[in-house]
Amino acid sequence: MVVLFSERKSNIEKEIIEILKKCGGDYISDKTVHSTNGLFTVVSEHKITDIKINAGAAVFTDDTDRFRGQILPNGIIGICESQNRSALEIFEKNKTPVISCGMNPKNTLTVSSLNENNVSLSLQRTITTLSGMDTEPFEFNIKLAKTYNPFSIMASAAVLLVHGILPENF
C-alpha cells in the first residue's frame with residue numbers, strides 16, 4: 001500500500017500516480033479507481049486520514065501544514081524531499097523510518113545524472129523493503145518516456161524499491 005499525501009491539484013502527485021500505474025500499481029482516490037490487479041495499491045489523501053494498514057509507504061509530495069497531526073501506524077516507511085519540514089516532523093513524531101530524496105549526498109536517494117531520456121539514481125544507504133529484505137547502496141538507471149519532475153522520479157523509485165521492485169522504465 002502506498003499513501004500519497006498532497007494538495008489536490010499537485011502536479012507531482014499526478015506524475016507519481018502516472019509513473020506508479022505504469023510500473024504495476026493500482027490507484028484509488030475519491031474520484032477514480034484504476035485496477036489491473038497490480039503489484040501494489042496507491043491511494044491519494046488530501047487531508048488527515050485514519051490509516052490502518054500493517055505495511056506500506058507514506059509519500060508526502062508537498063510541504064504543507066495540513067497534515068500536521070497525521071498518525072502513521074508501525075510498518076510504514078516515509079518518503080519525502082529532504083526540505084519537506086512538515087513531513088519530516090510527522091515521520092519523527094510517528095517514529096517512521098524515512099527515505100529522503102534530493103540532490104544532496106546526505107539524502108537516502110539522489111539523482112546522479114538526468115537528461116531527457118535517462119536518469120541515474122543512487123541509493124546512498126541500505127533500506128529495508130516491506131518484506132524485510134535489505135537493499136544495499138547501489139546506482140541504477142531508469143529510461144524515461146517523458147520529462148518528469150526529479151522528485152516525482154525519486155519518490156516513485158523509492159516506492160518501487162521498498163516494494164522490492166527495481167525500477168527500469170518510467
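Visitor: Where does Asn37 lie in this structure?

Guide: In this predicted model, Asn37 sits in the loop that joins β3 (33-34) to β4.

Visitor: Is Asn37 buried or exposed?

Guide: Exposed means over 50% relative accessible area, so Asn37 counts as exposed at 74% relative accessibility.

Visitor: What is phi for Lys95?

Guide: Lys95, another residue other than glycine, has a positive phi near 55 degrees. Lys95 is placed in the loop between α2 (85-93) and β7 (98-102). Lys95 has a relative accessible area of 73%, so this residue is exposed.

Visitor: Now to helix α1. How many residues does α1 have, and what is its reach?

Guide: Helix α1, residues 11-22, has twelve residues. From first C-alpha to last, α1 reaches 17 Å, close to the 16 Å expected at 1.5 Å a residue.

Visitor: What is found at the start of α1, and what just after it?

Guide: At the start, a side-chain oxygen of Ser10 comes to within 3.3 Å of the backbone nitrogen of Ile12. Just after α1, Gly24 has a positive phi of about 105 degrees.

Visitor: Which residues of α1 are buried, and what do they pack against?

Guide: The buried residues are Ile12, Glu13, Glu15, Ile16, Ile17, Ile19 and Leu20. Their packing partners are the strands β1 (2-5), β2 (25-28), β4 (40-45) and β5 (56-60), together with helix α3 (150-162).

Terms used: Residues numbered from 1 in each chain as written. Predicted model: local features only at pLDDT ≥ 70, side-chain atom pairs only at ≥ 80, totals over all residues. Heavy atoms only, no water. Helix = DSSP H or I, 4+ residues; strand = E, 2+ residues; numbered from the N terminus. Expected span 1.5 Å × (residues − 1). Buried < 20%, exposed > 50% of the residue type's maximum accessible area, 1.4 Å probe, protein only. Contact = heavy atoms within 4.5 Å. Polar contact = N/O pair within 3.5 Å; in protein donor to acceptor, adjacent residues only side chain to side chain.
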